[in-house]
Amino acid sequence: MPKDNGIGASSKRREDVRFLTGDGQYTDDINIHGQLYVHFLRSDVAHAKINAVNTEAAAAMPGVQRIFTGADFEAVGSIPCGWQVTDRHGEPMQEPRHAVLAHDKVRHVGDPIAAVVADTYAQARDAAEAIELDLTDLPAVIDMKEAAKEGSTKVHDDLTSNLCYDWGFVEENRDAVDAAIKEAAHVTTLELVNNRLVANPMEPRVAVGDYDKSKDEHTLYTTSQNPHVIRLLMGAFVLGIPEHKLRVIAPDVGGGFGTKIFHYAEEAFCTFAAKELKRPVKWTASRSEAFMSDAQGRDHVTKIELALDADNNFTAIRTETYANMGAYLSTFASSVPTWLHGTLMAGNYKTPLIYVNVKAMFTNTVPVDAYRGAGRPEATFQLERVIDKAARELGVDPIALRRQNYVTEFPYATPVAVEYDTGDYHATMDKLEEIADLKGFDARRKESEAKGKLRGLGINSYIEACGIAPSNLVGQLGARAGLYDAATVRVNATGSISVMVGAHSHGQGHETTFPQVIAEMIGIPEEQIDIVHGDTGRIPFGMGTYGSRSLAVCGSAMVRAAEKVIAKSKKIAAHLLEASADDIELKDGKFSVAGTDKEVEWGAVTLAAYVPHNYPLEDIEPGLEETAFYDPANFTYPAGAYACEVEVDPDTGKVTIERFSAADDFGNVINPMIVDGQVHGGIAQGIGQALLENCSYDDTGQLLSASYMDYAMPRADDVPFYAVDHSCQTPCTHNPLGVKGCGEAGAIGSPPSVVNAVIDALHSGGHKVAHIDMPLTPGRVWSAMNS
Amino acid sequence: MYAFEIERPSSIADAVAALKSEEAQALGGGQTLIPALKQRLAMPEQLVSLAGIPEMRGVCKSDAGELCIGGATPHAVVAKEAMADFPALADMAGHIGDPAVRNRGTIGGSLANNDPSACYPCAALATGAAIITNAREIAADDYFQGMFSTALEEGEIITEVKLPIPEKANYQKFVQPASRFALVGVMVAKYADGVRVAVTGASENGVFRWSEAEAALSADFSASALDDIKTSADGMIGDLHGSPEYRAHLIGVLTKRAVTAAA
């Protein structure tokens, strides 16, 4: 009988009631009396020198309150990068200034030059058209390998080159890896592109700045995955506002996928301008602005080599990647191709020697940063593609080749600096073979062939590092913040509970799953528990939601706080029951004395805490509220095996996904239904990357895919019904819930299986195609078949 | 969007009069014009909506065997009402855009805009339709004059489209995955006096007739009749979604499929 309360129950998402009935309160729903509207005049060229910005005529337009330009922000801080990467030679990365409004030059299409604040949005937009720009166009550098050439146009004149860093990992392994590849019985080499993506959350970014002159207090409402991080970055580094004078509120947020982690210029602008003008200032991005101002994802160009011995054991991996940073360093941009990518290059395999080289390049394009999976999809894709290519070259079964090289003993220290605490990769592959009905594939292929279609099967494993991250470790690696999280469990007098959590829910279902954990611990209905999130004024602290960390890190903090609450409530119960606290047991919402029939209800104890008439005041304080901070001991390592079956129409090259199966090991699962949904969504995004999505610039830096007319998002009929399973569970060994995280798995695990499947289909039709770069559009597949 | 005035005439005569003003622009279903206005890519001072003119709406069959469609008839209405007499056209109309587009967008608007990837121009050309305006009747062969270019004069309104109903017909649309407009679309229409083949989405000159295929199919209405006919990539559109060579290839594939489906 499935549970209907607590851990393991598929409780319905309580937040969906307001979302589905139109009662969600998003940032754009916030309107403050007297608010003004800002429109940003953005560059329509990728690279130009700003000679002059003449705002005189525009400033005289109706409703205009003030026009800001780069000059207004010269004394304001640079938008910071949160992670300093050290290069192969021990030098810090090159870190350019990122002004709130461009001053000397514009460096990508969409770079804001001026901001018009007016009584209405239309007035602001009208006035922006009257601003006279005097720009001198400069040649744009778009291609990363061009950007790397000696004498290339520089995106930042004050840097020595367009190279942000040249990172080697593990540098000490370099010679040994080179030697192992030279000596290998077989080396498979693959060059590939991990295509640039636009995150495209349903809700575009919005910011509302407000300023209370009487208290000198700022409030920023923003579409953020992590309001405390915004408070830290904007308050400390950009505007110089101390924490107690700056409140950041991220109300309902309509999807983030990574792109709402970062601190953006528009947030700083609205906060700054609200104080300057003593009126609230609101900005709502249009979808067109989102395409040219939201940090984009992926964009790696990689060469990977896999060395094998005569028995097909992996002996070494060497990769060289060019990673696009865009024109400026976004908040976590530098960490994505390095610590979130290089550390995952071992995958699920016991390859003894690995060397990862990453050259991060500045180009005249929109900044690139974390997007669902962030570095881990890039690692998984190249590894699982090169393994598939090796299996084909060697004529061995791709599943058998993977199984032969799986890590089987845990903990396992990889040659790329991380230690997998637990896992069972054979178990997920076994489960995959079952749910994907791999035995039936040959029959299905024959059916497809009878219809004139080519059918292919693609398999891959994946591993990811989630629950980011141990603060002391990431500090050594260059993170400029700790990555713990915090929660306060506030028990009210009648026994209901509010939990203030540092994680932010923007689709993940925290409002449902977090109460399930507390309900399980105390033995009360979930309905008695609510969580509060997204407001630095109401929650103790928190580093937010990304990297599948919410439950593993913030959930652990919540458990620790709840444990403190339970310990205290047992003391109160012991007093009421005239027993020793050590003898008190809490079960099903009742405290009892072990071995007796004496018991007291949860509600009676919580009432006693707030109405302490009969209470051990000499020993313990009244009230029942506890806070805990939790810093994880390690990353968590979700892993799994995915299978995709495609049909390719040989006449047109069109790929149709016929079946998709995912066997994941997420450790313990709190709400199976929500986990299913997370995997479904992740796979849809992975299929989007593999078949449809492509953020493309022309040579001059104009975005070719700047709207949904050209940027193909996956639609419902582009994806199949999925078979997903997460019954293989090796609980995380170092957090109290034994959970690993599930938010990114689908997006990490699915692109290689889709591409592997298409390549398999083409080979079945006699087309010896080694690789096609994503997205595998019909035109690209057809060209590969006919070249 | 810039500010503009809107007129809502209830007769063709009133609409024509309203459009005499130099600053006026006709508004059909608005599925192209409204997004352009929102992007501030157009700045008309006055829009003249053709949506409220009863004499421009509806579908009927003429005694001469033509399907007659009022210029302001939405795609969804055509999808339903053409089903009995011209199922290939109904099917085409039922797959334009999404339900919102089909309930607002009109055949007259589509033909007046002549987007190189639109479906209706393909149907009009493949059937040799007559484009009826407030002033005259224009043969489809004379009407389409290249990408976004037509024989319409300033202020001229498409009031009706008369499409000769073919014996057999089929439209094959291979969608561009983002917009779901036609990357290439082909309509094949077989009449007693011959076969017409029109292609949309592919050419830099907009919709066109594929005369070699017409000749071959008029002699032998089977897919194999096309086996030895190749289309050239010269003049084909090349973009993010497909090269000129790919589009040229798709024309052949889709034409064969249309013939097979129609036969």
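## Chain B at a glance

Chain B has 10 helices and 12 strands. Both are DSSP runs numbered from the N terminus: helices are H or I with at least four residues, strands are E with at least two. This is a predicted model, in which local features need pLDDT of at least 70, side-chain atom pairs count only at pLDDT 80 or more, and totals for chains, interfaces and linings use all residues. Residues are numbered from 1 along each chain as its sequence is written, while chains are lettered from A and ligands numbered from 1 in the order in which they are written.

The C-alpha trace of chain B spans about 55 × 45 × 30 Å along its principal axes. For 263 residues, a compact globule would have a radius of gyration near 18 Å, and chain B agrees, with 18 Å. That radius is taken over C-alpha atoms, and the globule rule is 2.2 Å times the number of residues to the power 0.38. Of the 263 residues in chain B, 48% are buried. A residue is buried if 20 or more other C-beta atoms lie within 10 Å of its own, exposed if 12 or fewer, and partly exposed in between, with C-beta atoms placed from the backbone.

Chain B is assigned domain 1 (5-49), domain 2 (56-164) and domain 3 (168-262). Such bounds come from an automatic or database domain assignment. The centres of domain 1 of chain B and domain 3 of chain B, taken over C-alpha atoms, are separated by 34 Å.

Two residues are in contact if their C-beta atoms, placed from the backbone, lie within 7 Å. Take the contacts in chain B between residues at least 6 apart in sequence: 60% join residues at least 24 apart.

## A helix with a buried face

Helix α9 of chain B covers residues 211-219. Its residues A213(B), A216(B) and L217(B) are buried. Seen down the axis of α9(B), the buried residues fall within an arc of 95°, so they line one face of the helix. The arc is that of the directions from the helix axis to the C-beta atoms. Exposed residues S211(B) and A219(B) sit on the face turned away from the buried side of α9(B).

What covers the buried residues? The cover includes β10 (182-191), β11 (194-200) and α10 (244-262) of chain B. L217(B) is also among the contacts of V188(B), leaving aside neighbours within four places in sequence. Others on that list include V195(B), V197(B), A258(B) and V259(B).

## The nonpolar core

In soluble globular proteins, nonpolar side chains tend to be buried together. The largest nonpolar core here has 325 residues. A core of this kind is a set of buried Ala, Val, Leu, Ile, Met, Phe, Trp, Tyr and Cys residues joined through C-beta atoms within 7 Å. The residues with the most contacts inside this core are V38(A), V116(A), M558(A), V758(A) and V188(B). Helix α15 of chain A (residues 550-577) gives the core its largest share, 14 residues.

## Chain A at a glance

Chain A has 19 helices and 28 strands. Its C-alpha trace spans about 85 × 75 × 50 Å along the principal axes. For 787 residues, a compact globule would have a radius of gyration near 28 Å; chain A has 27 Å, which agrees. Of those 787 residues, 57% count as buried. Among contacts in chain A with a separation of 6 or more, 80% come from residues 24 or more positions apart.

One buried residue is A295(A), with 24 other C-beta atoms within 10 Å. A295(A) is in the loop between α8 (287-293) and β13 (300-308) of chain A. Not counting residues up to four places away in sequence, A295(A) touches T259(A), F262(A), S330(A), P367(A), V368(A) and D369(A).

## Domains of chain A

Chain A is assigned domain 1 (27-138 + 202-255 + 260-293), domain 2 (380-464 + 636-785) and domain 3 (484-630). The C-alpha centres of domain 1 of chain A and domain 3 of chain A lie 40 Å apart. Their contact takes 15 residues from domain 1 of chain A and 14 residues from domain 3 of chain A. On the domain 1 side, α6(A) supplies the largest share, four residues.

## Where the chains meet

The contact between the chains takes 16 residues from chain A and 12 residues from chain B. Helix α19 of chain A (residues 778-785) gives the most to the chain A side, with three residues. That side divides into seven nonpolar, seven polar and two charged residues. Here Ala, Val, Leu, Ile, Met, Phe, Trp, Tyr, Cys and Pro count as nonpolar, Asp, Glu, Lys and Arg as charged, and the others, Gly among them, as polar.
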